[in-house]
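Work through the exercises below with the model open. Each task is followed by a stepwise solution.

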Amino acid sequence: MVGRDRAAVRAIGLERIFGIGEAQVAALDGCSLELAQGEFTAIMGPSGSGKSTLLHCLAGLDRQSSGTVLLGETDLAELSDNQLSDLRRDRIGFVFQSFNLIPTLTARENITLPADIGRRAVDEQRFAEIVAAIGMEDRLEHFPSQLSGGQQQRIACARALVTRPEVIFADEPTGNLDSRASQSILDFLRRSVDVHGQTVVMVTHDPLAASRCDRVVFLVDGRMVDELRDPTAEQILEWMRTSVETWGR
Ligand SMILES: Nc1ncnc2c1ncn2[C@@H]1O[C@H](COP(=O)(O)OP(=O)(O)OP(=O)(O)O)[C@@H](O)[C@H]1O
């Protein structure tokens with residue numbers, strides 16, 4: 001696999017503090033981890049352990065209070081807000097639980113939106129490949145409201161991939177989907193890693209979804225505490241059971 005050992009993203013001693021004074025919460029509390037290129041990584045952990053906060057800091061959607069995030073060789077803390085927004089547009093893909101499609105744009109227009117905003121031509125071959133992979137060739141002129149949840153999420157995945165981002169960040173991408181639609185999203189993300197060498201990072205609560213990943217990292221209290229390689233759903237469930245005994249959550 002191309003560049004599998006090189007880090008796509010590195011977090012070093014990340015802290016993210018919300019609130020002030022007595023109301024302070026350390027959502028991230030010295031979190032360090034490396035995500036290799038060309039891997040599919042799941043981030044898991046109990047509710048409130050900092051998974052979404054970590055994803056947002058790694059993806060340049062939020063700024064850490066201290067510590068370092070490197071996307072490739074770029075230190076995100078050194079970028080202005082405008083530079084960070086360019087970086088999100090040019091180098092990162094997002095898939096959210098709530099799909100986040102623009103209701104007044106067709107499926108086709110939603111997919112090409114990041115390229116259109118960046119005034120870049122869409123690679124027609126890439127577009128055709130991705131649309132075929134999500135099986136949506138005959139739905140491209142539909143609006144989001146005319147599509148099922150699973151179809152909307154497939155469009156959101158296509159949008160995230162079309163610009164060939166360095167990393168795709170997905171925050172519970174199957175959280176709103178039934179099991180069949182979830183499978184097709186996971187199949188698509190898996191193939192984009194295996195066939196195209198894409199790097200994908202996904203927050204999930206679902207052991208079955210996480211078992212499709214190459215690696216699962218576990219957060220507790222804002223820190224990475226453990227990981228599994230090539231995990232099975234049973235191993236992940238066992239980890240979740242043990243974590244309640246070890247950390248009380
Ligand atoms: N904008 C915010 N303001 C204040 N506190 C916040 C904010 N965002 C997150 N937190 C707090 O930070 C901690 C971590 O939140 P986060 O959403 O990252 O956890 P999570 O692991 O993704 O949780 P869940 O699995 O429930 O989605 C929680 O205690 C949360 O209440």
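**Exercise 1. The core**

How many residues does the largest nonpolar core have, and which have the most contacts inside it?

Start with the ground rules. This is a predicted model: local features need pLDDT of at least 70, side-chain atom pairs count only at pLDDT 80 or more, and totals for chains, interfaces and linings use all residues. Numbering runs from 1 along each chain as its sequence is written.

Step 1. A residue is buried if 20 or more other C-beta atoms lie within 10 Å of its own, exposed if 12 or fewer, and partly exposed in between, with C-beta atoms placed from the backbone. A nonpolar core is a set of buried Ala, Val, Leu, Ile, Met, Phe, Trp, Tyr and Cys residues joined through C-beta atoms within 7 Å.

Step 2. Read off the core. It has 61 residues. Those with the most contacts inside it are Ile 43, Leu 58, Cys 157, Ala 158, Phe 169, Val 201 and Val 216.

Step 3. Find the main contributor. Helix 5 (residues 149-161) gives the largest share, six residues. Helices (H or I, at least four residues) and strands (E, at least two) are DSSP runs, numbered from the N terminus.

Step 4. Follow Cys 157. Beyond four places in sequence, Cys 157 is in contact (C-beta atoms, placed from the backbone, within 7 Å) with Val 95, Ile 134, Ile 185, Phe 188 and Leu 189.

**Exercise 2. Gly 93 and its strand**

Determine where Gly 93 lies and what it touches.

Step 1. Gly 93 belongs to strand 6 (residues 92-96). Four of the five residues of strand 6 are buried.

Step 2. Gly 93 counts as buried because 26 other C-beta atoms lie within 10 Å.

Step 3. Not counting residues up to four places away in sequence, Gly 93 touches Ala 160, Leu 161, Pro 165 and Ile 168. Ala 59 is 34 residues away in sequence, yet 8.8 Å away in space, C-alpha to C-alpha.

Step 4. Strand 6 runs parallel to strand 7, joined by five bridges. Strands pair if DSSP finds at least two bridges between them. Val 95 stands opposite Ala 170 in strand 7.

**Exercise 3. The ligand shell**

Which elements supply the shell around the ligand?

Step 1. List the shell (C-beta atom, placed from the backbone, within 6 Å of the ligand). Among its residues are Phe 18, Val 25, Gly 45, Lys 51 and Thr 53.

Step 2. Strand 2 (25-36) and helix 1 (51-58) each supply at least two residues. Helix 1 gives the most, three.

Step 3. Phe 18 stands opposite Val 25 in strand 2. Strand 1 (residues 7-18) and strand 2 pair in the antiparallel sense over nine bridges.

Note on methods. Two residues are in contact if their C-beta atoms, placed from the backbone, lie within 7 Å. A residue is near a molecule or strand if its C-beta atom, placed from the backbone, lies within 6 Å of it.
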